[in-house]
Amino acid sequence: MARFWFENANVVLDGHAELQRSLNILVTGDRIEAVTRQPVQDDNATVIDVAGKTVMPGLIDAHAHITGLTLSPKNLASPAPDLVLAAASYLRNCLMAGFTTIREAGGADYTIAHLLKNGTIAGPRMFYSGRALTQTGGGADFRTPIELTDPCGHVSPLSVMSVIADGIDKVREAAREELRKGASQLKVFASGGVVFPAEGHATRYEFSRDELVAMVEEAAARGTYVMAHVYTDEGVQRCLKAGVRSIEHGNFMNEATTAKIAENGAFLDPTFISLIQRVESAQETNLSNEIVDNLKRTIDRGKQVYAWAKRHQVPIALGTDLWGPDAQRSQIRELEVRSGFDSAPNIIRSATVVNAELLMMKGELGTVSPGAYADLLVVDGDPLSDVRVLTDQHNIKLIMKGGAIVKNSAAAV
């Protein structure tokens, strides 16, 4: 069993807004065994002299999409092997950016998870949702008005984003199927989106209350939870009443509804960089001015909701919601974007401790503490003073996932 001794480290520890200096960390196998100021007493451990650099938990992205080949979730022109190759590239780039864990929010399945777990492809540990549940005409029903079959979920193998289910029995069946195939949690579209507008009337909310409750019940039966794509105030309220644990986006909530997230023991997972990236790429992707204006308004409203969430002590997660390998390059920028309206310690906490609790992995992920998985970054710079040091991969000198070193610059030892 491999053992590593990190010495002379300045460490990001939960509960501290500043680096804790001159600490040593013992890693045994895939876990952290000790965090101490005592000198090394293990001749069998490989010593890594951090020389005053920062050691911090690996980052967690709570909202990733790894199977996209373009900004459109339909993937109509790409066969299944291409999706696997795209996912492999996405996962490796995630890991090299410092994300040692991701929660996949619709698209990944057992096949990719199996390849990842066996080490056939490299990447972060992954909590996948399988296909997201959407209703007929819902946020992830990408059919045009003249299409009868659903290229996104029902018939074609060319996309794995979602499955259409209507009615309590069909919803339960769809939920059970995704859980049977190994989904770590369920994903539901509980309102429309802001990029792909409906041809008909836009939805304020989706699925009946009983349908939402059925999903939550099926997840709870497996010891897990539901995450909901939902932008509208009414949609968020309905999700919270049904027992949804993870509110994704939520940009058009009011303050009272935002406060209810904390009251219900739920989490808010706002995603900014995906909206910003779509604005930046609007010309090359032929987004209309109307959609671009709506994206900008959605970004501004998201910042207001974020401020309300802080005021009411809502647990704020960190996710990116980026779709496609080109968009993935902006993943780490989510931290930089938030630095414009939140403190570095809060942002790091969202990307580590809060996300770990959201994933029901409190104490095992997102922390440098005994018993936790040894998912560690060695960083040249102080991310608790300026989180932007993480946006330059040259500053990430070493990456360890589960006790195995996957990147090690000579300057880190």
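**Cores, cavities and backbone features of the predicted model**

Just after helix α5, Gly243 adopts a positive phi of about 100 degrees. The structure is a predicted model, in which local features need pLDDT of at least 70, side-chain atom pairs count only at pLDDT 80 or more, and totals for chains, interfaces and linings use all residues. Residues are numbered from 1 along each chain as its sequence is written, and side-chain values use heavy atoms, with hydrogens and water left out. Helices (H or I, at least four residues) and strands (E, at least two) are DSSP runs, numbered from the N terminus.

Cys239 counts as buried because its relative accessibility is 0%. Cys94 is likewise buried, with a relative accessible area of 0%. For disulfides, defined as a pair of cysteine sulfur atoms within 2.5 Å, the count comes to 0.

In soluble globular proteins, nonpolar side chains tend to be buried together. Here a nonpolar core is a set of buried Ala, Val, Leu, Ile, Met, Phe, Trp, Tyr and Cys residues joined through side-chain atoms within 4.5 Å. The largest such core holds 88 residues, and those with the most contacts inside it are Leu59, Ile66, Met126, Ile247, Leu335 and Leu390. Helix α9 (residues 289-311) gives the most to this core, contributing 8 residues. Leaving aside residues up to four places away in sequence, Ile66 touches Ala86, Ala87, Tyr90, Leu91, Ile102, Glu104, Ala108, Ile112 and Met126.

On a 1 Å grid over the protein atoms alone, a cavity is a set of points where a 1.4 Å probe fits but cannot get out, while a pocket is an open set with protein on both sides within 12 Å along at least five of seven lines; lining residues have an atom within 4 Å of a point. Grid points are joined across faces, edges and corners, and a volume is the space filled by probe spheres set on the points. The second largest pocket has a volume of about 360 Å³. Its lining comprises 13 residues, of which Leu116, Lys117, Arg125, Met126 and Lys401 are the closest to the centre. The elements giving two or more residues to this lining are α2 (110-117) and β8 (125-128). For the classes, Ala, Val, Leu, Ile, Met, Phe, Trp, Tyr, Cys and Pro count as nonpolar, Asp, Glu, Lys and Arg as charged, and the others, Gly among them, as polar. On that basis the lining of the second largest pocket has 7 nonpolar, 3 polar and 3 charged residues.

A search of the whole structure finds 2 cavities of 30 Å³ or more. The second largest cavity has a volume of about 50 Å³. Its lining is made up of His249, Gly250, Asn251, Leu268, Pro270, Thr271, Phe272, Gly302, Val305 and Tyr306, with β13 (246-252) and α9 each supplying at least two of the lining residues. By class, this lining divides into 5 nonpolar, 5 polar and no charged residues.

Several individual residues complete the picture. Thr120 sits in the loop between α2 and β8 and counts as exposed because its relative accessibility is 57%. The C-alpha atoms of Thr120 and Glu336 are separated by 32 Å, with the two residues 216 apart along the chain. Arg172, in helix α3 (residues 168-180), is partly exposed at a relative accessible area of 21%. Beyond residues up to four places away in sequence, Arg172 touches Ala214, Glu217 and Glu218. The C-alpha atoms of Arg172 and Ala219, 47 residues apart along the chain, are separated by 9.8 Å.

Most residues other than glycine have a negative phi. Asn8, although not a glycine, has a positive phi of about 60 degrees; Asn8 lies in strand β1 (residues 3-11) and is partly exposed, with a relative accessible area of 38%. Asp321, also not a glycine, has a positive phi of about 60 degrees. Asp321 is placed in the loop between α9 and α10 (325-328) and is buried, with a relative accessible area of 16%.

Key:
Buried < 20%, exposed > 50% of the residue type's maximum accessible area, 1.4 Å probe, protein only. Contact = heavy atoms within 4.5 Å.
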